[in-house]
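Welcome! Please take a look at the structure below, and then we can go through some of its features together.

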Amino acid sequence: MSVIAAPVVTCPDCDGMTFTLDPCRCTTYGDRFLADADVPAPRREAYRECEQCRGAGRVAYPCHRCARRGRRRAQLVVTVANLDTGAVASHQVVPGGLDPHRDPAGDWVVDLAPRVRELAATVGTVVDDTDVPLLWLDRQWRPDLPAVLRHELEAHAILRADHAPWRLVPGRWSAAPAVDPAARLARLCALADLLLLDLVIEARRQGAGFGWAVRYEVPGSPVPPGSPGGWQDLPEALTWTDVGDALTGLAERGLAVPARLLRPGSPRPPVAPTADVDQLERRILADSVDATHGDELPGAQALWRDRRWWHTTLRPGVPVEILAEQPTGQVVRRVRVPLTRGYEPPDPCWLGAPVDWRPCPDCRPHDRLRTCDCRLGDRPAEPDCPHCCGAGLRPSALRCFTCGGTHRLHQTLLVTVTDLRHRVLHLTWRAGTPEVAPLVATQPNGRPVVQLPDRYRLGSWSAVLGARPEDLRDADGGLDVDRDLRDGYVTVPWAGADPVGEHVRSAGRGTAAGRLIVVAAPPDAPPLAELLRLALGLDLALVVAVRDLRHHSGDPLLADGLRWSVEVQPRDAPVRPDDLPYRPSLAAALAWCRECLTDAIAGAAPTDPAVPIPVPWSGPRDLVADPEPDLLRLAARHAGRAVTLRFTRAGCTVHRHDDDGVRLLAHATDLRQLRVL
């Protein structure tokens with residue numbers, strides 16, 4: 001690995017002052033207390049009673065581009081890695097080493113994609129170079145300028161792209177098979193039938209074209225506000241939207257939908273053939289034009305429901321006025337026009353009777369009032385509380401903790417457990433159902449903790465689908481299922497209270513239409529040895545932490561099982577006492593590490609601008625022996641304590657987290673020596 005000194009220049013954003021003087025936010029709306037966001041201010045003047053600038057019109061902000069150092073490093077590093085062999089090759093971008101060319105508009109630009117392809121050929125991999133940045137040089141740049149001025153302009157172009165100073169482009173021997181949009185659409189439709197959800201294909205007008213989105217919804221969900229989808233056509237939207245992406249945001253879109261029972265065993269209509277992607281796209285685009293007058297509509301949708309497509313237009317709804325308080329002390333009025341469906345398809349055959357519910361006692365549906373913190377633990381409101389003045393309610397931008405923003409407490413929870421392939425379980429938990437729930441513990445505040453039977457334990461249902469309890473996660477966002485929901489533990493407010501009702505209220509908080517969809521399948525994770533090989537090729541550290549809490553399995557008040565974390569960090573980063581593992585399985589930790597890998601590499605660049613970013617080169621490496629057995633052995637030996645292993649090219653170190661800090665237990669040059677320590 002070669003390290004080349006990179007030029008350090010004065011930060012052009014703050015001129016080396018470490019802070020910037022920017023126009024205050026109040027100047028956007030002028031000297032007005034009540035401002036209309038849709039009507040520009042007559043002139044950019046300050047609000048005289050502004051709570052931020054005090055009428056000065058400008059505010060000093062710390063410069064985030066240089067992290068208040070006043071200097072920045074004019075260097076970018078692009079690293080290509082072959083995940084199948086561990087080979088690594090890098091290219092650094094510094095002033096004087098650029099090869100700009102003119103684009104069709106006549107501007108000078110530096111395209112790094114050809115260099116990335118050369119690096120990929122060097123390590124024998126196929127990569128996707130679409131995310132490699134283009135460096136746009138200032139218009140003053142010319143090849144015949146003096147070297148000093150030319151390099152200064154090149155440094156400014158590099159600094160404009162240094163938000164990710166070290167970029168990793170991973171690849172493999174061969175390119176991943178291309179996604180077939182028709183096959184992806186068929187899979188999404190089949191899963192919608194399995195989970196009893198709507199699959200929505202939406203196109204909204206965006207400038208001169210359309211923005212496309214593909215998502216799942218519970219029946220009855222309104223058209224979500226906000227900008228249109230980010231894809232330019234339906235095949236592109238299907239290519240980049242997998243099942244997890246389509247499920248993300250399901251609860252947000254269906255918070256206001258009333259809950260209804262499910263009838264998965266009801267007669268189903270015959271399977272209709274999946275529409276051709278091109279024909280479906282043409283039909284949606286045609287629906288975005290009014291058939292009667294030929295006027296352009298905001299967009300259109302196609303819904304897959306009851307194993308057939310339903311088509312509808314999107315039309316402007318009744319305008320809604322929104323008042324928003326600003327940090328400046330001003331109030332901004334915005335008028336938003338929500339979109340509504342021109343045609344609402346009939347209810348699906350699997351949708352049953354409405355579910356009983358009661359209003360949430362801790363929030364108000366039409367304002368931001370929430371239960372004040374002074375009432376935590378069912379305490380009465382404090383008369384001298386500085387937040388609520390004894391009212392017990394205070395304004396808050398956060399969702400209500402009791403109901404999760406639904407403003408309803410449902411008496412029935414509909415739980416769907418699936419492997420996201422072909423198996424699914426639909427469960428119905430009803431409040432008030434008499435169950436034998438023995439007392440298993442008592443909270444420090446005296447509240448009893450009981451345990452419900454197996455049918456209320458998602459960990460028991462995961463075995464039916466061939467998954468482990470630690471593999472359970474929320475389908476909307478991928479969060480791990482907590483222990484209470486997994487093992488059926490319920491903290492009731494008093495002895496004799498309804499445990500099923502408390503379980504339903506806790507598990508149904510913030511769900512869409514009272515539905516909780518849980519995935520019971522191991523995450524798609526790379527092998528630990530593969531990530532270790534990659535970290536060593538990059539000359540970084542792979543930090544693996546594990547904590548054995550299996551001796552807590554009988555205590556519902558304590559975390560149990562094995563907790564893991566896997567991170568890629570700089571080679572000399574210390575082990576911090578608060579870096580404790582929290583993932584329920586090694587596979588979950590590895591999947592998260594891979595998802596955050598590019599951000600972790602960007603964050604591994606030295607923070608000191610005087611220290612250059614490393615430019616790693618490494619040939620193919622053999623996979624090391626799987627370290628998981630040794631990690632389990634060390635965790636069991638130090639049960640209850642977190643054990644952290646740091647793997648670098650210099651060897652591996654073992655650290656234990658004690659009450660008074662982190663203690664170095666051992667150092668070994670390789671894993672073979674570590675096994676005997």
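This is a predicted model: local features need pLDDT of at least 70, side-chain atom pairs count only at pLDDT 80 or more; totals for chains, interfaces and linings use all residues.

**Nonpolar cores**
- The largest nonpolar core contains 41 residues. Those with the most contacts inside it are W166, L528, L542, V544, W564, V566 and I601.
- Helix α11 (residues 528–537) supplies the largest share of this core, with six residues.
- Leaving aside residues up to four places away in sequence, I601 touches W166, L168, L538, L540 and V568.
- There is also a second, separate core of 38 residues, and C189, A203, A246 and V519 are among its members.

**Helix α7**
- Within helix α7 (residues 277–287), the buried residues are V277, L280, E281, I284 and D287. Viewed down the axis of α7, they fall within an arc of 130°, so they line one face of the helix.
- Exposed residues Q279 and R282 sit on the face of α7 turned away from that buried side.
- What do the buried residues of α7 pack against? Their partners are the helices α3 (181–195) and α4 (234–240), together with the strands β12 (198–206), β13 (209–217), β15 (299–305) and β16 (308–316).
- At the start of α7, D276 has a side-chain oxygen that comes to within 3.0 Å of the backbone nitrogen of D278.

**The loop residue P42**
- P42 is found in the loop that runs between β3 (34–36) and β4 (58–62).
- Is P42 buried or exposed? With a relative accessible area of 68%, P42 is exposed.
- P42 and T28 are separated by 14 residues in sequence, and their C-alpha atoms are 9.8 Å apart in space.

Notes: Residues are numbered from 1 along each chain as its sequence is written. Side-chain values use heavy atoms; hydrogens and water are left out. A nonpolar core is a set of buried Ala, Val, Leu, Ile, Met, Phe, Trp, Tyr and Cys residues joined through side-chain atoms within 4.5 Å. Buried means under 20% relative accessible area, exposed over 50%, partly exposed in between (1.4 Å probe, protein chains only). Helices (H or I, at least four residues) and strands (E, at least two) are DSSP runs, numbered from the N terminus. Contact means heavy atoms within 4.5 Å. The arc is that of the directions from the helix axis to the C-beta atoms. A polar contact is a pair of N or O atoms within 3.5 Å; within protein, one must be able to donate a hydrogen and the other to accept it, and residues adjacent in sequence count only if both atoms are side-chain atoms.
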